[in-house]
Number of protein chains: 2
Amino acid sequence: VTEVLLGVDIGGTTIAAGLVTPAGAVLAEAATPTHRHGPGTAVPAVESLIQDLLAQAVRQGATVVGIGVGAPGIVDAASGCVGRHTPHVPELAGFALAPVLAARFGLPVFLDNDVNALALGEWMFGEGRGAESLVVLAPGTGFGAAVVLDGRLVRGVSGYGGEFGHAPVKFDGPACWCGGRGCLALYASGRGIAERAREAAASGRAPALAGLAGGEAARITAAHVFGAALEGEPAAAAIVDEACRALGAAIATIVNGLNPAVLVITGGVAASYARLEKRVLAAAAEYCFRDALAATRLRIVPGDKRITMRGAAALVVYEMRGPARPRAGRP
Amino acid sequence: VTEVLLGVDIGGTTIAAGLVTPAGAVLAEAATPTHRHGPGTAVPAVESLIQDLLAQAVRQGATVVGIGVGAPGIVDAASGCVGRHTPHVPELAGFALAPVLAARFGLPVFLDNDVNALALGEWMFGEGRGAESLVVLAPGTGFGAAVVLDGRLVRGVSGYGGEFGHAPVKFDGPACWCGGRGCLALYASGRGIAERAREAAASGRAPALAGLAGGEAARITAAHVFGAALEGEPAAAAIVDEACRALGAAIATIVNGLNPAVLVITGGVAASYARLEKRVLAAAAEYCFRDALAATRLRIVPGDKRITMRGAAALVVYEMRGPARPRAGRP
């Protein structure tokens, strides 16, 4: 009988789940809108997807050894509870998701946040395969990040491990929506880029920006801004240039401070940064120690859309086998 | 027979060494100016100190199980070689210090950089005792930093692990002496603070600063600037306030991104920051996630002057016993 893993990626709009082999191959998958049956229905939706995939596993003669779940926000991996701040899936706030699913399906269930699941996917199956250390920066609507060092996820003492998206890159910068100031997300996330463009449009200083999105400033997205910048619109180009510089500074914080073998920039806005790869790399070089940057494999990739689901599945192996053994300090 | 460790802390001005018990007690110690016998004499000075302490161990009936050395700059802990950039002790550049000492004394010798040794000392004997994770920020003349996560030093793939002193805290800030821009060290290290004061004094905008150090701008130190700021001199107060804000931003990068159990701020300038503790904590609170900051024990301490030497000794135990075992993801 083949042993397989069941991975679930709970997003604000879609829940994706799949049967995944220990080598990362997807044998079956299913997805549903997070709130298909109305607000507050994410948990039954997750249960229904799991039920369907367990039935598929039976039909394929495979044994599901465990379920791994990636959820938004800060989670408590040890207890399997989702954190208190999950604005896009409010019914998950504080919910004991892993214990509830474990009781329902009689299987071991492991929970982590979605960016940690993504990083585990990149580390086990993707850009970081075989690396001893990996950092993921994931600019999307917000700005996620995750860290694997010496073969182990850095979860931190209260679950914040890896949250470099709200590291300040300009200590005297403007206030961020997180309550902080001058955060990376404010300059380099989709939301941050769109907000800066809306402000510029509203100020009257950037008529071309005001014309984006059919003249409705409130509907300007980061994609509009990147597009206008590539066409040479000066206000958009200035916003995108600051985004690249802020991203370069964050790369330096990671490369100089953690010196990982691999640094992957992925997520919703990564394709836009990939088109500006030279600019991002030049910005990174401006802030990094040369030897440290040379030792890190830096990749800007749109990434496999299923990598978070596959990484969530890999969480089962990561937790059940235990993390990689420590290498001895010397032989 | 008692087993003891021999620790050596090689600094730009002084080499300190001691016999240290596995519990961190100093049984005997010795020190010498790094270049007492002229330029290029640091290695024989180290050998001479070790010789003396080995003789003392014999007299005390103790067995030295190994030698741990903390050296400046980036080191390669695996090979025991010092890095290529050691401006204050140039004879160490690229030198195979651990193998040479091991051959000379017939004992296991372990090398790490001095801030990693300091962090090991704080983790085993000091502020971080018993903690699963610890970050040290060490503003002195420069700005050192080191990271222990899950009971293991983060050395990085090419030895830069922990070098958060040159993390940019202002991506559009001025050029730093390291070749980067807007680095933490530029705002918050002794050298950075002194340089900013000298610039302000030279510009003519800050006559009171120009009067420090007997009117010789080139001789202004960080201590002068902190002193003048505490007396209310506006230009000095502005420089110190920026230092506190930059330090607060760096604290947030660590607290939000690595979420360690303990964050220790120590080193040569730490006593000055300790007098401004409220200001530093207020700055940190401005940038940190509240829950993440609440979970980290933050201590600003001058620290034991011998902690680097004691931590270098602890390196022997760390390397010979292997790092702490990984905790299972769940029981």
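## Strand pairing in chain B

In this predicted model, strand β8 (residues 134-139) of chain B runs antiparallel to strand β9 (residues 143-149) of chain B, and six bridges join them. Strands (E, at least two residues) and helices (H or I, at least four residues) are DSSP runs, numbered from the N terminus; two strands pair if DSSP finds at least two bridges between them. Within this pair, B:L134 lies opposite B:V148 in β9(B).

Both strands belong to an open sheet of five strands in chain B, ordered β10-β9-β8-β11-β12 with mixed pairing. Strands β10 (152-153) and β12 (297-300) of chain B are at the edges with a single partner strand each, so one side of each has no neighbour in the sheet. Helix α8 (residues 234-257) of chain B packs on the sheet and touches β8, β9, β11 (262-265) and β12 of chain B, where contact means heavy atoms within 4.5 Å.

## Nonpolar core

The largest nonpolar core has 123 residues. Such a core is a set of buried Ala, Val, Leu, Ile, Met, Phe, Trp, Tyr and Cys residues joined through side-chain atoms within 4.5 Å, buried being under 20% relative accessible area (1.4 Å probe, protein chains only). Helix α8 (residues 234-257) of chain A gives the most to this core, with 14 residues.

## Basis of the description

Residues are numbered from 1 along each chain as its sequence is written, and chains are lettered from A in the order in which they are written. Local features need pLDDT of at least 70, side-chain atom pairs count only at pLDDT 80 or more, totals for chains, interfaces and linings use all residues, and side-chain values use heavy atoms, with hydrogens and water left out.

Definitions and conventions: Axes fitted to C-alpha atoms, helices over the stretch in contact; angles between N-to-C directions. Buried < 20%, exposed > 50% of the residue type's maximum accessible area, 1.4 Å probe, protein only.
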